[in-house]
Structures are given as C-alpha cells and as structure tokens.
Amino acid sequence: IADAQGIGTINNDDTPPTISIGNVAVTEGNAGTTSAIFTVSLSSPSAQTVTVNYATADGTAVAGSDYVAASGTVTFNPGITTQTVTVLVNGDTTFEANETFTVNLSGPTNATIASGTATGTITNDDVAPVLSINNASVTEGNAGTTTATFTVTLSAASGQTTTVNYATANGTATAGVDYVAASGTLTFAPGQTTQSIAVTVNGDTLSEANETFTVTLSAPTNATIGVGTGTGTINDDDPLPTLTINDVTVAEGNSGTTNAVFTVTLSSASGQTVTVNYATAD
C-alpha cells in the first residue's frame, strides 16, 4: 500500500459572528474626567480570535475640549463575546447644550459589522447663568441729549447664545418729554458676560425734582433673570427760580375800599409746584 492514510476536511458552514457597539450617555461633571464606557459585542462566541478597529469622531462635542480622542483595536479571544472601549469626557462648569460624539468600528477580522457606530452623549449638569441689570444715573443737561447706560451681566460665561428682551417704562419721568422710550433684544454670544442698553435723556432748563424711569428685562433664553429691573435717575441741574414782588400805589378814595394788587413773579417757569408765604406789615 503506497499511501494508507487519508485526510478528511471538515468544511465550516457557520456564518461569522457579527459585531455591534452600543450608545452611551454620561454626565460631564465640573472638573477632571468621566469615563464613557462603550460595550462592543459579538453576536455569538467564535472559535477564532476576532478583532475590530475603533476610532472616535466629533459630533457637536469637540475632541480636546469636550472629550479625549481615542482609537485602537478591540480583540475577542475565542469564546469571548463582549469587550469595552473607554472614552474620557472632560468636566467643565460652562452651561451648554448636551453634546455628542461617535465611536466608529472598522476593519473586522473573522467577523462582520452589524452596528458599527455608537453615539456618546455628554449630558450637561451646569445650571443656566443668571441675568442682572444695574441702575444708571445721569445729569440731564440744559439742551440736547445725554445717554443713560445700563449694564446687563451674565453671572457666568455660557456655552450657548443667550438672549433677553428689554423695555423702558415711565416712573416720574415721562417718555417723549424727559427721555426717549427704548426696547429691543440683547444677545450674548458664547463666552460673553456683559452687554449694555443705552437710553437717551432729553436736556431742559426747567427746574424740577430728580425723575426716574425703569428698564425691565423679560423672556430670557438659556438663562434666568436675577435682577430684572434697573432704575434710571435723571438728575436735575437747573437752579431754582427766584421770586419777586412789585410795589403798588393806589388812591385811597373817599369811602369804601380799594384793592392794592401786588404781582408775585417767578423768574422762570418751574417743573415743580412753588409756594411762598406772604404777610402785610405797617
């Protein structure tokens, strides 16, 4: 017998297992890093070593600031069906929307990819910043206009665009006479913490009390309102008018009475009620 040994070949008829990766959500924290742990799974155990490459990619989250970019190879030894991929998420104290990145699988050996992209969601845990407006005080002047400037402040920089509406309202000052009514919307770009509101104050030469108006904030987006009303004070700079009384001469007549009418005069019109006492003397 020339060759007494035969070789039997067992042809595998089982399909390769499939690889899937699941989504993950983590809360970012205020400092340091948090681990986003993705689970990579084989659909069934394999008698062969299975490998697959992975790499992160930006979504709304940006590698280097929001998370640490990661890449490498996952290896399943025979019989193993799960492995993990860890991505470090950076903590911060900036109020922002939830952000996402992805982990993508590629280049499998001894398996195929069924679900090759997983989303990592970085959940914001920072409170919205608070908006406040200050008071403003100006001297009116005798003519033209003066600007009363109010400062609106965010308590902390935000990662989102913040808006807030504003509008003036009369106090003892009257729009159209003492100041020019104003309204609009302030916009804080990400990172900005201050904006200003300019209200035009009209000058005059009328002696009057100091007058006030208000600027009120409303309808904020991506923030809350802490101090929502600022008071504008218009300081009067006009001197008090002077009072004078004239002399009067009358003919007494032979009987009855005759009126001696004295005229009391203000040197200029006043914006306030003026009073003065009078009395006769011999």
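Start by selecting tyrosine 166: its bridge partner in S16 is leucine 217. Strands here are DSSP runs (E, at least two residues), numbered from the N terminus. This is a predicted model, in which local features need pLDDT of at least 70 and side-chain atom pairs count only at pLDDT 80 or more, while totals for chains, interfaces and linings use all residues. Residues are numbered from 1 along each chain as its sequence is written, and side-chain values use heavy atoms, with hydrogens and water left out.

**Stop 1**

Two strands count as paired if DSSP finds at least two bridges between them.

Now show the whole sheet. It is open, has five strands in the order S11-S18-S16-S13-S14, and its pairing is mixed. At the edges are strand S11 (136-139) and strand S14 (183-188), each pairing on one side only. From one strand to the next, the twist averages 25°. Axes for such angles are lines fitted to C-alpha atoms, for helices over the stretch in contact, and angles run from 0 to 180 degrees between N-to-C directions.

Stay in this sheet and pick glycine 232, in strand S18 (residues 229-235). Is glycine 232 buried or exposed? Glycine 232 counts as buried because its relative accessibility is 0%.

**Stop 1: the four-stranded sheet**

Select S15, S12, S10 and S17. In that order they form an open sheet of four strands with mixed pairing. Strand S15 (194-202) and S17 are the edges; each has a single partner strand, so one side of each lacks a neighbour in the sheet. Neighbouring strands are turned by 25° against each other on average, direction ignored.

Go to each neighbour of S10 in turn:

- S10 and strand S17 (residues 224-227) run parallel, joined by three bridges. Leucine 131 has isoleucine 225 as its bridge partner in S17.
- S10 and strand S12 (residues 145-154) pair in the antiparallel sense, also over three bridges. Isoleucine 133 stands opposite valine 152 in S12.

Then move out to the S12 and S15 pair. These strands run antiparallel, with nine bridges between them. Threonine 145 stands opposite asparagine 202 in S15.

**Stop 2: asparagine 90**

Jump to strand S6 (residues 82-90), where asparagine 90 lies. Asparagine 90 counts as buried because its relative accessibility is 17%. Show its side chain: a polar atom there lies 3.1 Å from the backbone oxygen of serine 65.

**Stop 3: the largest pocket**

Select Leu243, Thr244, Ile245, Phe262, Val264, Val276, Asn277, Tyr278, Ala279 and Thr280, which line the largest pocket. (On a 1 Å grid over the protein atoms alone, a pocket is an open set of points with protein on both sides within 12 Å along at least five of seven lines; lining residues have an atom within 4 Å of a point.) Which strand gives the most to this lining? Strand S19 (residues 243-245) does, with three residues. The pocket holds about 260 Å³ of space, a volume being the space filled by probe spheres set on the grid points, which are joined across faces, edges and corners.

Colour the lining by class: seven residues are nonpolar, three polar and no residue is charged. (Ala, Val, Leu, Ile, Met, Phe, Trp, Tyr, Cys and Pro count as nonpolar, Asp, Glu, Lys and Arg as charged, and the others, Gly among them, as polar.)

Note on methods. 1 Å grid on protein atoms, 1.4 Å probe; cavity = no way out; pocket = protein on both sides within 12 Å on 5 of 7 lines; lining within 4 Å. Buried < 20%, exposed > 50% of the residue type's maximum accessible area, 1.4 Å probe, protein only. Polar contact = N/O pair within 3.5 Å; in protein donor to acceptor, adjacent residues only side chain to side chain.
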